[in-house]
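I opened a notebook page for this structure and looked things up one at a time. The entries follow in the order I made them.

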Amino acid sequence: MVWKNPADDELKSILESAKTIAVVGLSNNQEKTVYQISKIMQQEGYRIIPVNPTVDEVLGEKAYPSLKDVPDKIDIINVFRRPEYLPEVAKDAAETDCRVFWAQLGIANEEAYQYLKERDFTVIMDLCVKVVHAVLVK
């Protein structure tokens with residue numbers, strides 16, 4: 001089975017109901033796309049939780065080394081890691097209460113998709129959360 005993203009109405013509903021986005025791969029490097037997108041989503045009213053073992057804080061929020069370490073409720077797990085790392089991130093995601101896994105534009109992995117779908121996740125891949133937000137929510 002090939003991965004398939006949810007329809008626009010479901011994407012819109014996810015973004016409208018979400019309050020907290022855990023961003024896997026977020027660093028302090030302001031030149032990186034992950035930082036720029038996370039900052040915009042923060043400005044749009046979302047709480048951004050950085051998930052990166054190499055930083056302590058990003059965008060004024062405490063960073064956590066892995067998804068399993070985040071003590072707060074997560075509504076969307078937004079992943080900025082290369083496709084080959086998605087199965088590992090998917091396994092970490094499955095150990096959280098969150099059930100929305102969003103891999104950024106250019107990032108997809110069939111193995112991770114299958115693993116997450118078997119665990120009742122809504123899986124979005126190869127889509128930019130900022131672009132979808134700008135098109136569907138604004």
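**Entry 1: helices α1 and α5**

I began with helix α1 (residues 8–17) and α5, whose axes come within 10 Å and cross at roughly 100°. The model is a predicted one. Angles from 65 to 115 degrees count as roughly perpendicular, and α1 and α5 are therefore roughly perpendicular to each other. I then listed the residues that meet: α1 brings Asp-8, Leu-11, Lys-12 and Leu-15. From α5 come Val-129, Val-132, His-133 and Leu-136.

**Entry 2: Val-137**

I moved on to Val-137, which is found in the segment after α5 (129–136). Leaving aside neighbours within four places in sequence, I found Val-137 in contact with Lys-12, Leu-15, Glu-16 and Val-132.

**Entry 3: helix α3 and its cover**

How many of the eight residues of α3 are buried? In helix α3 (residues 86–93) I noted six, so I wrote the helix down as mostly covered, since buried means under 20% relative accessible area. The buried residues are Leu-86, Pro-87, Val-89, Ala-90, Asp-92 and Ala-93. I looked up what covers them, and the cover includes the strands β1 (20–24), β5 (76–79) and β6 (100–103). Helix α4 (110–117) is also part of that cover.

**Entry 4: α3 against α4**

The axes of α3 and α4 come within 8 Å and cross at roughly 15°. Angles under 35 degrees count as roughly parallel, and α3 and α4 are therefore roughly parallel to each other. Their crossing is right-handed. On the α3 side, I noted Leu-86, Pro-87, Ala-90, Lys-91 and Ala-93 in the contact. On the α4 side, I noted Glu-111, Ala-112, Tyr-115 and Leu-116.

**Entry 5: Thr-20**

I took up Thr-20, which lies in strand β1. With a relative accessibility of 10%, Thr-20 counts as buried. Which residues does Thr-20 contact, leaving aside its neighbours within four places in sequence? I listed Arg-47, Ile-49, Lys-73, Ile-74, Asp-75 and Ile-76.

**Entry 6: Gln-104**

I found Gln-104 in the loop between β6 and α4. Its relative accessibility is 3%, so Gln-104 counts as buried. Not counting residues up to four places away in sequence, Gln-104 touches Ile-37, Asn-78, Val-79 and Phe-80, and also Asp-126, Leu-127, Cys-128 and Val-129. From C-alpha to C-alpha, Gln-104 and Arg-82 are 9.6 Å apart in space, and they are 22 residues apart in sequence.

**Entry 7: rings and charges**

I looked for aromatic pairs, meaning rings whose centres lie within 6.5 Å, and the count came to zero. I then looked for charges over rings. The charged end of Arg-81 sits over the ring of Tyr-85, at 4.2 Å from the ring centre. Lys-62 lies over the face of Tyr-64, and there the distance to the ring centre is 4.9 Å.

Terms used: Residues are numbered from 1 along each chain as its sequence is written. This is a predicted model: local features need pLDDT of at least 70, side-chain atom pairs count only at pLDDT 80 or more; totals for chains, interfaces and linings use all residues. Side-chain values use heavy atoms; hydrogens and water are left out. Rings of Phe, Tyr and Trp (its six-membered ring) pair if their centres lie within 6.5 Å; planes under 30 degrees apart count as stacked, over 60 as edge-to-face and the rest as tilted. A charge sits over a ring if NZ of Lys or CZ of Arg is within 6 Å of the ring centre and within 35 degrees of the ring normal. Buried means under 20% relative accessible area, exposed over 50%, partly exposed in between (1.4 Å probe, protein chains only). Helices (H or I, at least four residues) and strands (E, at least two) are DSSP runs, numbered from the N terminus. Contact means heavy atoms within 4.5 Å. Axes are lines fitted to C-alpha atoms, for helices over the stretch in contact, and angles run from 0 to 180 degrees between N-to-C directions. Angles under 35 degrees count as roughly parallel, over 145 as roughly antiparallel, 65 to 115 as roughly perpendicular and the rest as oblique. A crossing is left-handed if the near helix is turned anticlockwise from the far one by less than a right angle, and right-handed if clockwise.
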